[in-house]
Amino acid sequence: MNISLCTITFRHHLISLGEIAAWAQSNDFQGIELWGAHARNLAQQPDRNADWLDTFGLNVPMISDYLPLDGDKETLRHKTVELCRLARRWRSRKIRTFAGNCGSLSVSHEERQRIVERLREICAITASYGIQLLAETHPKTLADTAASTLRLIEEVDQPAFAINFDTLHVWEGGDDPIAVHRQMMPHIRHYHLKNIRDRSDLSVFEPANVYAAAGRRDGMTPLLEGTVDYTGFLLEIAGDGQHDASLEWFGNDCLDVLRRDRRQVRRVIEGREPIRRTVNFS
């Protein structure tokens, strides 16, 4: 399994990509998932690109951004092309976005069809660049439950369309991540891995809180210390071949937590971590 860290972890830190890359290299990461805002800012530094990152033995498996599906069509097309060009610079074959900003139970039939059509249109653009568009399983989008996500895959019906499987958010939607993974596996191209202390703490991952420098971080936990059984999930996906996954940490003490999580993920995959058998999918 290829494990990346996410530059969004360092959204409130004064740290360069060079420092991040050197640390990632020395801590057994294979890649760096670039946040879209960081990819755009790095465009002003022509010496920062895939060739430069190669010197660290690292790659950019995915650029994670938020394409404006509900905005002006020309603006959406322009931003998609811009993102594809940035992805090419880093030799990334995947772009992550959200499937709208309204939950599947709240959206109207007409609005759902509009989002589906927009996804289909931008998939045609990404495909022309040899890039896949990944919708993330995420609350308040059309990929907020397993049923709606599987329906979305059928509706978009494009080879360039796939899924970024955020395990915690699948669990948040009331589904068993392992069971859903088995259903969705042919369409999954990336995994986001994070955990939480308790279901009552899920609000810490709401965007307004995550992006606020003074936002609440209490309730975010290291990967194997939260309520979702990641030992079982990691063993599930590790047996299905080579995958790309990112440790998505939004909390404090980021280097210490990422270092420990990376070490423990390796131990689980190698069979050196005790298997947890207590997990609550309710």
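Biologist: Which residues lie nearest the centre of the largest pocket, and how many residues line the largest pocket?

Modeller: Phe98, His138, Pro139, Lys140 and Thr141 lie nearest its centre, and the lining has 21 residues. This is a predicted model, in which local features need pLDDT of at least 70 and side-chain atom pairs count only at pLDDT 80 or more, while totals for chains, interfaces and linings use all residues. Residues are numbered from 1 along each chain as its sequence is written, and side-chain values use heavy atoms, with hydrogens and water left out.

Biologist: What makes a space a pocket and what makes a space a cavity?

Modeller: On a 1 Å grid over the protein atoms alone, a cavity is a set of points where a 1.4 Å probe fits but cannot get out. A pocket is an open set with protein on both sides within 12 Å along at least five of seven lines, and lining residues have an atom within 4 Å of a point. Grid points are joined across faces, edges and corners, and a volume is the space filled by probe spheres set on the points. The largest pocket holds about 390 Å³.

Biologist: What classes of residue are in the lining of the largest pocket?

Modeller: Eleven are nonpolar, six polar and four charged. Here Ala, Val, Leu, Ile, Met, Phe, Trp, Tyr, Cys and Pro count as nonpolar, Asp, Glu, Lys and Arg as charged, and the others, Gly among them, as polar.

Biologist: How many cavities of 30 Å³ or more are there, and which residues lie nearest the centre of the largest cavity?

Modeller: The count is four cavities of 30 Å³ or more. The largest cavity has a volume of about 180 Å³. Of the 20 residues in its lining, Ile8, Arg96, Tyr211, Glu248 and Phe250 lie nearest the centre. The largest share, three residues, comes from β2. Helices (H or I, at least four residues) and strands (E, at least two) are DSSP runs, numbered from the N terminus.

Biologist: In what order do the strands close into a barrel?

Modeller: The eight strands follow the order β1-β2-β3-β4-β5-β6-β7-β10, with parallel pairing. Two strands pair if DSSP finds at least two bridges between them. Strands β1 (residues 2-6) and β10 (residues 244-247) have four bridges, so they meet that rule. One of the partners is Leu247 in β10, bridged to Leu5. Three bridges join β7 to β10, and His192 has Ser246 in β10 as its bridge partner.

Biologist: Which residues touch the most other members of the largest nonpolar core?

Modeller: Leu5, Leu53, Ile63, Trp90, Leu119, Phe161 and Leu193 do, in a core of 84 residues. A nonpolar core is a set of buried Ala, Val, Leu, Ile, Met, Phe, Trp, Tyr and Cys residues joined through side-chain atoms within 4.5 Å.

Biologist: Why is Pro68 called partly exposed?

Modeller: Buried means under 20% relative accessible area, exposed over 50%, and partly exposed in between (1.4 Å probe, protein chains only). Pro68 has 21% relative accessibility, so it counts as partly exposed.

Biologist: Where is Pro68, and which residues is Pro68 in contact with?

Modeller: Pro68 is in the loop between β3 (63-64) and α4 (73-89). Contact means heavy atoms within 4.5 Å. Leaving aside neighbours within four places in sequence, Pro68 is in contact with Leu76, Lys79 and Arg118.
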